[in-house]
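Open the model in your viewer and keep the selection tool at hand. The tour goes stop by stop.

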Amino acid sequence: MLNNTPLIEVKNLKVHFPVRKGLLRNTTNYIKAVDGINFSINKGETLGLVGESGCGKTTTARAILQLIKPTSGDVLFDYYDETLEQSRIINLPKISETDMKKVRKQAQLIFQDPYSSLDPRMKIKSIIVEPLLIHGKLNQAEIDAHLKLLLSDVGLNSDVLERYPHEFSGGQRQRIVIARALALNPNFIVADEPVSALDVSVKAQIINLLNELQNKFHLTLLFISHDLSVVRHVCENIIVMYLGKIIEIGKTEDIIFSPKHPYTEALLLSVPIPDPKIEKNKSLVISDIPNVIDIPQGCSFQDRCQYSQKICKNEDPPSVDLSNGHFSFCHFANSLELKSIAS
């Protein structure tokens with residue numbers, strides 16, 4: 001149930017980590033993990049956030065949920081106040097930890113590794129019930145009834161409740177993590193690479209489960225991944241990040257079939273194709289990721305880009321409006337003919 005009302009608006013979000021050296025541990029530089037990004041997620045939408053490891057995806061997610069305090073910027077959240085029985089816009093970095101605890105009922109996180117995110121000493125019942133106890137939302141009878149519904153929603157039987165995480169497969173553990181995230185009936189979920197640690201067949205099951213749950217509970221999702229072949233089946237819109245910045249944003253079909261940034265092209269053509277007759281393009285990325293402490297002036301992708309020219313080294317790339325909500329931060333976004341999955 002998509003609409004045009006934003007649930008989350010991120011404005012000029014920055015997360016800079018200090019680099020300290022010497023005996024006195026003086027700050028000598030900063031790692032700009034997230035460097036002034038802007039985007040919004042409409043209610044009922046699934047937004048994909050993609051890029052290589054180290055590009056700032058997880059830091060962005062944790063800063064949105066205030067698990068990491070941003071250096072600067074705003075995260076506006078359409079919060080439903082149960083006391084006032086009405087919605088109001090709140091700026092998450094500006095509120096107290098007490099108020100943030102209330103927000104966490106409506107904004108939950110699915111972690112990447114379903115094993116390390118579950119306490120091995122706790123039974124599954126305790127793991128799923130824990131959020132309900134922390135927030136004091138239900139009595140015991142209501143909790144038991146809620147547990148049965150949650151397990152049914154994620155495709156598990158009630159006999160799992162008295163077992164421990166190590167007794168389950170990776171796919172089953174991820175279903176347990178999803179059940180825990182759904183326990184408080186949130187309306188916003190951040191899925192941080194929820195299928196990257198799973199086998200191919202299990203990936204499809206979890207992706208289908210997330211799609212079903214979104215439709216059933218009218219969830220808004222931020223889906224983080226490094227794999228565009230996964231994101232294309234889940235998301236209405238995609239953001240491509242590189243070294244802390246957004247370099248392309250648009251509707252999924254535009255990003256997948258008509259990329260307008262060389263880095264997006266490289267990501268698309270790095271997706272494995274199960275056909276030995278198709279030769280893999282090996283000329284896309286020609287060097288390693290630059291030092292994150294010393295990102296070059298101009299376009300940060302210049303040293304790895306086969307289309308780089310002098311202007312790329314001297315000037316920051318502009319935001320090029322390609323219509324229909326499609327933007328690329330590339331000097332040559334309107335002139336390059338880039339390859340895509342469909343090429």
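Select His326, in the loop between β11 and β12 (327-328); helices (H or I, at least four residues) and strands (E, at least two) are DSSP runs, numbered from the N terminus. The model is predicted: local features need pLDDT of at least 70, side-chain atom pairs count only at pLDDT 80 or more, and totals for chains, interfaces and linings use all residues. Residues are numbered from 1 along each chain as its sequence is written, and side-chain values use heavy atoms, with hydrogens and water left out.

Is His326 buried or exposed? His326 is buried, at a relative accessible area of 4%. Buried means under 20% relative accessible area, exposed over 50%, partly exposed in between (1.4 Å probe, protein chains only). Now show its contacts (heavy atoms within 4.5 Å). Neighbours within four places in sequence aside, His326 touches Glu248, Ile249, Gly250, Asp254, Ile255, Ser258, Lys260, Val320 and Asp321.

Next, the mixed sheet. Select its 8 strands, in the order β6-β7-β8-β3-β9-β10-β12-β11; the sheet is open. Strands pair if DSSP finds at least two bridges between them. At the edges are β6 (107-110) and β11 (320-321), each pairing on one side only. Strand β6 runs parallel to β7 (residues 188-192), joined by 4 bridges. Pick out Ile110: its bridge partner in β7 is Ala191. Axes here are lines fitted to C-alpha atoms, for helices over the stretch in contact, and angles run from 0 to 180 degrees between N-to-C directions.

Move to the antiparallel sheet. It is open, with 4 strands in the order β2-β1-β4-β5. β2 (26-42) and β5 (86-91) are the edges; each has a single partner strand, so one side of each lacks a neighbour in the sheet. From one strand to the next, the twist averages 20 degrees. Zoom to β1 (residues 6-21) and β2, paired antiparallel over 13 bridges. Lys21 has Asn26 of β2 as its bridge partner. Helix α1 (residues 57-64) packs on this sheet and touches β1, β2 and β4 (72-81). The direction of α1 makes about 115 degrees with that of β1.

Now the rings. The structure holds 4 aromatic pairs. Rings of Phe, Tyr and Trp (its six-membered ring) pair if their centres lie within 6.5 Å; planes under 30 degrees apart count as stacked, over 60 as edge-to-face and the rest as tilted. Select Phe77 and Phe188: their centres are 6.5 Å apart and their planes at 50 degrees, so this pair is tilted. Phe77 sits in strand β4 and Phe188 in strand β7, 111 residues apart. Phe77 is buried at 1% relative accessibility. Phe188 is buried at 0%.

Which pair comes next? Tyr242 and Phe301 are edge-to-face, 5.2 Å centre to centre, with 85 degrees between the planes. Tyr242 is in strand β9 (residues 237-242); Phe301 is in the loop between α9 (262-269) and α10 (310-314), 59 residues away. Tyr242 counts as buried at 2% relative accessibility, and Phe301 is buried at 2%.

Finally, zoom out. The chain has 10 helices and 12 strands. Its C-alpha atoms fill a box of roughly 70 × 55 × 45 Å, taken along the principal axes. Of its 343 residues, 48% count as buried.
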